[in-house]
Amino acid sequence: MEGGARMIVTIFIVCSIFLPLASAKLGPQGLRVGFYENSCPQAEQIVAEVVSEAYRKDPGVAAGFLRIFFHDCFVYGCDASILLDSIPSGEKVEKDSPANGKFLRGLEVIDTAKARLESECPGIVSCADTLSFATRDGSVLAGVPQYNMPGGRRDGLVSRAADIISNVPLANAPIQQIAELFVKKGLTQEEMVVLTGAHSIGVAHCQNFAYRVNKYNDTFQTDPKLDDADSANIKSACQRQVSNEEIEKTTLPFDTHTPFKMNAGFYTNLFKGTGLIESDQAMALDPRTRPIVGRLAEDEGKWLNQFARAMSRLAAVDVKTGSEGEIRKQCRSVNLENKGNTGIAQNLGKTNSDNNFDSSRTLIQASIPIQAIPLA
Ligand code: HEM
């Protein structure tokens, strides 16, 4: 076993011994820490090993899992609907949305973990739990203190690209709109700021921030909130005279100094005007979120602990438990026996109208053309 995997497994065992009360506690909607202790005792260890191995080859997977998980949980709950490649109706799935699509990293690692789980405990561990454990393990490898991740989620049968726009926050969305989305999911404004600290690791593609340096608005060519060095960096990365295909793949790290380390540098950078995406930057300017950003910037240890707690709350959003959904055999498609059973109303629990969506919002990823824009 690799050193990283051994560390996660050891911490996991220590936590299981010393936190018996926590492991006996039922969470909201029937989730439970140690859910597989009888049915598949090695489940979390298997996921930890697969994640450690993947992280050793590419530490970027930790960021990939966090983003996949967030986008999964915000679209009809943490039910692994984001992992489906297709649904029987033939509709476009969540993965097909420009907000997800080719930008999702780490999907094949989830496939590997699930394949190992199926070979050792067939039909027991859901894809939704596999993704939850992998996300926890990735974030711990990136610096978050070890935390318990309850299990017991079941997998959804439906995934629709059309549901993304109203549930997933966009890079240029105003704070008010983003906060409303979090509150609709049962999370607080503070948890929104705490969780967005996930942008301490990982990357963003030019199409999510290049507009900030190219005819930003009628008054400013460049977003005045951006620090000068940063706007020069964005111009040089995103306005190169290269093919559209190459620009489309171009990314910049959220944190250039420690791109793989979860730390409070994300929050201090926001005060310096070096937030890569506009919505992050806005959190340091909005009077409702600025004091939260300030507190988190000053106390990294506190933020990391709060992050772990907020992740467990995110992981409980609109979950399916009991006899809802299914335990998929493989994460990219619904089980054969349920292929004719994917009616929207019966599987989602909620409909678009329940969530009172504002469909007037534009999807930045879809609306900004990706091209090598000549410098003005
Ligand atoms: C608050 C509203 C949020 C907005 C507007 C937002 C938006 C974005 C955008 C535009 C990207 C870049 C995607 C790309 O170009 O590839 C991104 C990446 C990322 N997001 Fe968020 N996000 C938000 C909250 C969150 C939360 C709550 C989490 C996790 C708990 C998260 C985790 C990540 C991670 C880790 C990445 C990097 C992914 C990678 O490197 O592959 N984000 N986000």
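T258 is partly exposed, because 16 other C-beta atoms lie within 10 Å of its own; the class "partly exposed" falls between buried (20 or more other C-beta atoms within 10 Å) and exposed (12 or fewer), with C-beta atoms placed from the backbone. This is a predicted model, in which local features need pLDDT of at least 70, side-chain atom pairs count only at pLDDT 80 or more, and totals for chains, interfaces and linings use all residues. Residues are numbered from 1 along each chain as its sequence is written.

**The listed positions**

- An unreviewed UniProt entry lists D255 and T258 under "binding site"; such annotations may be inferred rather than shown by experiment, feature names are shortened, and positions follow the numbering used here.
- T258 sits in the loop between β2 and α11, and D255 is found in the loop between β2 (251-253) and α11 (265-272).
- Helices (H or I, at least four residues) and strands (E, at least two) are DSSP runs, numbered from the N terminus.
- D255 is buried, because 22 other C-beta atoms lie within 10 Å.
- Not counting residues up to four places away in sequence, T258 touches N263 and G265; contact means that the C-beta atoms, placed from the backbone, lie within 7 Å.
- Leaving aside neighbours within four places in sequence, D255 is in contact with S200, G265, F266 and N269.

**Around the ligand**

- The ligand is surrounded by 26 residues, with A63, A198, G202, A204 and H205 the closest; a residue counts here if its C-beta atom, placed from the backbone, lies within 6 Å of the molecule.
- At least two residues of this shell come from each of α4 (61-74), α8 (189-196) and β1 (203-205), and α4 gives the most, with five.
- By type, the shell holds 16 nonpolar, eight polar and two charged residues. Nonpolar covers Ala, Val, Leu, Ile, Met, Phe, Trp, Tyr, Cys and Pro, charged covers Asp, Glu, Lys and Arg, and the others, Gly among them, are polar.

**Helix α7**

- I178, A179 and F182 are buried in helix α7 (residues 175-184). They cover an arc of only 100 degrees around the axis, so they lie on the same side of α7; the arc is that of the directions from the helix axis to the C-beta atoms.
- The buried residues of α7 pack against α8 and α12 (278-283).
- Just after α7, G186 takes a positive phi of about 85 degrees.

**The whole chain**

- The protein chain has 16 helices and two strands, and 45% of its 376 residues are buried.

Note on methods: Contact = placed C-beta atoms within 7 Å.
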